[in-house]
Amino acid sequence: MTVLRDFVLACVAYLLTVYGVSFALSAIAFFENRSRIRESAAEGWETIERSRFTIPVSVIAPMHNEEVLCVAVVEALLALEYPELEVIIANDGSTDSTLERLREAFDLQPFERFERRVLPTKAVHAVYRSRVDERLTVIDKVAGGNKADSLNAGINFARFRYVCCVDGDTIYEPRALLSSMRLVLRDPAHVVGLTSQIVVATHPELPYRHTPGLAASTLLHNFQHLEYLRSFLSARLAWSRLNSIVCTSGAFMLYRRDVLEAVGGYSPDFSCEDIELTFRVHEHFLRRGVPYRILAMPEPVARTEGPDRIRTLTSQRARWQRVMLETAWHYRHMAFNPRYGRFGMISFPFMILSEVLAPFIELIALATLAAAAIVGAVHWADYGLAVVLMSLAIASVTVLAVRLEDAGTRSYRFVDLVWLTVLSPLELVVYRPILFWAHLRGAFGFFRGDTHWERFDRNLREAPSRLELL
Amino acid sequence: MNHLDARYLLPLLGVLAAVWLALALSVLLTRVGQNTAAALLRRLHAIVLRGEEPSVRLPRRLLERAVADPSTPAPVAKLFTARLLEHHGAQLVREARGETGRRWRRVRALTVLTRARSANAVPLLAEALESGDEELVAAVVPLLGELGELDSSAVLVRALRTNAFARSRVAAQLDESSRPIPQLLLPLLGDGDSQVRYWGVALLARYAGAEAIERELVRSATDPDPSVRAAAVEGLARRRTQAAGLTAAALLEDPVWFVRAHAARALRDLNGGNGPAVASLLADRSWWVRAAAKETLEARPGLALELLLAYLDHEDEFARNGAAEVLQNTGVLDALLGDASGSVPETAQRILAAGSRRLAGTAAARNGLDREHLEQLAATRP
């Protein structure tokens, strides 16, 4: 009984710590979000958009079997409102019709271009130039088996000082680059990296106002939508304020090219590239004592398609959990190490506590509660009460994230706002068990030494027609 | 501890439920408030655009928000600005001075005064610029640019000198000035700080058409700081004169790579001679210089053809690759392959050999030729 009591108390202490820090982060994010909204309202957007002094950006999108969305993605990237940019698509050995669709849509012609081979990558078969838009280059390369290899190939071809690495299955907002580069332009000497908010949508190729809305979408998508909001607006914004962000999202990673080259580019040795790169950049600057900033912005810059089946969702999240464990293990020397400042002393330890250890603690908690219920140490009524408490704690952080989003964009329909608010307390019992299972799978995968990379199977639907996109 | 103690759990449950409910209501009520304000503004816009005067007295915050919003129609913004000045003029000036100690209230007041083109606006903006408050300064710089007058530009030039805010952002505002400001910029060229000289040169490029400015840019092309030299040659490229061409040609041999790259690109824009000097940069040790040289040579295919053919046998592999790439991009290779009836001409073979297997593969794909055959030719020099 004593052992059981200690376990229950340890779990309660764990939950109190995690929720307490989450609330504190939400509070910091609230002020950060307010500052960014006010700054944005006072910004001289037109000048940035027109100026010859606005720093040009190379946008790199890796694509592997993206025939459904590839044309829409490239069109959105070429439509970015920014004075000078180039778009580099790295076709990573697609076995479907991705290259053919791109070739047809953008009138691609093969032309040799001798790149700067600063980062090692798999061989490039051919380089294509578009006769429709000269800013577009498509690299057709041998499949690298991961996104990192394609991104590195793109960096070798990039000409501009800042590189924005994006996903090949994500649709970007026209002002994505402009709103993100705003902060870079304020301090290009110190801002070395930046990420911004990604929104999960059932039909990412359609703007929100042209969709039936969130209330008409599946529960799985809605919970992912809420989870992304919380992750980007409550957590990343707060860590950005403290300059100790642990992950610049792979769907939108804006970095100074010289920094990417200095740290050796993206690593293909991890299951996923974004979080590991963020750690490496922190380590690079903190070791040298060079001032730098990695920022997160609240503005939604893109819409991405979340998995619409439980199997694909668990597969995706298992991979995320695996890479979290791989990264935490690889960079364990930074944890609780004062040499790495706030990153080493606060944000990385919190990541270990709330993300890395979560599946193990959740497993222990489940086993303990089951044992406690069997021996009568916990009454089911109390157990239910504890579940309601946890649900409300998560829901409060979630609703605050919805509030932050709505304060910045006011894009939600009122019915969707009500829907998201109502849905928020159900996350613990409806959605979290799926994530719990995925995290456990990811943890076992890590211990098995599994490092394979696979994107989730594309949701089953047809490519959007031009008419739909219009 | 037989079971969790409800004495602690129930109050905690009450607190959390209240927090969640309060947040949820705040989300929904804030949105209702915003929707109502937006609807009210839309109605007012319609009234003003019909040429009528709205009879209601509107809340100050609503007016300020509408004035600051660039999507507000100009006549509406003008009317609201007038109302704000009429009812709250003195208060706005106090707030713009920062007397309330609230940063964003100060920004709103400065915005209203700027949009009203108030005589107080420039001195108050200048005062705010010296506050050292980064977010306040970031909001003030676009307002000074928006005014676009000589006095507001002078304040921005001062900000450029003192590095009060990111210089590129200040320069972007000055570059948009509707009034010519070369007299404000020329003194920057004599500044001791090379960054100030750099921005002076970069901004003066807009006025490079004037002879006096051109002389100053030519002089800056010998500045000890390489970034100033690079900016000078870039600026001179806007004016196709002999002096500009000579300066760019001289800087092709600059010891700093990015000056050489800028000089090569300037020669592309100047459309002048110097083919041999530019072609020699194909063997430059910097990839960026080689890329700039290729761009320039591609822009002038007629001038470069003979030179490039010579570079196909250059001892430096980068130079050979570069020459082949230019001949590919200018259509010379395709023309040679297209004319070939059966065998591949020797010049085309030389281009393929100077390029790479990949160059041969892409040439075969473009021209519908046998890929393996061209790749074999690329592997053997004629």
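# Two chains and how their elements pack

User: How many residues does the contact take from chain A, and how many from chain B?

Analyst: Happy to start there, with the reminder that this is a predicted model. Each chain brings its own set of residues to the contact, so to speak, and the counts are given per chain. Chain A gives 49 residues, and chain B gives 47 residues.

User: Which element of chain A gives the largest share of the side that touches chain B?

Analyst: Several elements supply at least two residues each to that side of chain A, among them α1 (2-41), α2 (45-50), β3, β4 (124-130) and α6 (176-186). The helices α13 (380-409) and α14 (414-423) of chain A also belong to that list. With 14 residues, the largest share comes from α13(A).

User: How many residues of the side of chain A that touches chain B are nonpolar?

Analyst: Sorting that side of chain A by class gives 9 polar and 14 charged residues. The remaining class on this side holds the nonpolar residues, and its count is 26.

User: α13(A) also packs inside its own chain, so to speak; are α1(A) and α13(A) roughly parallel or roughly antiparallel to each other?

Analyst: The axes of these two helices come within 10 Å and cross at roughly 10°. Angles under 35 degrees count as roughly parallel. The pair α1(A) and α13(A) is therefore roughly parallel.

User: How many polar residues does the contact of α1(A) with α13(A) have?

Analyst: From α1(A) the contact includes A:Leu15, A:Tyr19, A:Phe23 and A:Phe30, along with A:Ser22, A:Ser26 and A:Asn33. They meet residues of α13(A) including A:Met390, A:Val397, A:Leu400, A:Leu404 and A:Gly408. By class this contact has 12 nonpolar and no charged residues, and its polar residues number 4.

User: Are α3(A) and α4(A) oblique or roughly parallel to each other?

Analyst: Helix α3 (residues 70-78) and helix α4 (residues 98-106) of chain A have axes that come within 9 Å and cross at roughly 45°. Roughly parallel would need an angle under 35 degrees, and roughly perpendicular starts at 65. The two helices α3(A) and α4(A) are therefore oblique.

User: How many charged residues are there in the contact of α3(A) with α4(A)?

Analyst: The crossing of this pair is right-handed. A:Cys70, A:Val71 and A:Val74 of α3(A) make the contact with A:Thr98, A:Arg101, A:Leu102, A:Ala105 and A:Phe106 of α4(A). These residues divide into 6 nonpolar, 1 polar and, for the charged class, 1.

User: What radius of gyration does chain B have?

Analyst: Chain A makes a handy reference: its radius of gyration is 22 Å, close to the 23 Å of the globule rule for 470 residues, so it is as compact as a globular protein of that length. Chain B has 22 helices and 0 strands, and its C-alpha atoms fill a box of roughly 85 × 75 × 55 Å along the principal axes. A compact globule of 382 residues would be near 21 Å, but chain B has 32 Å.

Key
Residues numbered from 1 in each chain as written. Chains lettered and ligands numbered in written order. Predicted model: local features only at pLDDT ≥ 70, side-chain atom pairs only at ≥ 80, totals over all residues. Contact = placed C-beta atoms within 7 Å. Helix = DSSP H or I, 4+ residues; strand = E, 2+ residues; numbered from the N terminus. Nonpolar A, V, L, I, M, F, W, Y, C, P; charged D, E, K, R; others polar. Rg over C-alpha atoms; globule rule 2.2 N^0.38 Å. Axes fitted to C-alpha atoms, helices over the stretch in contact; angles between N-to-C directions. Parallel < 35°, antiparallel > 145°, perpendicular 65-115°, else oblique. Left-handed = near helix turned anticlockwise from the far one by under 90°.
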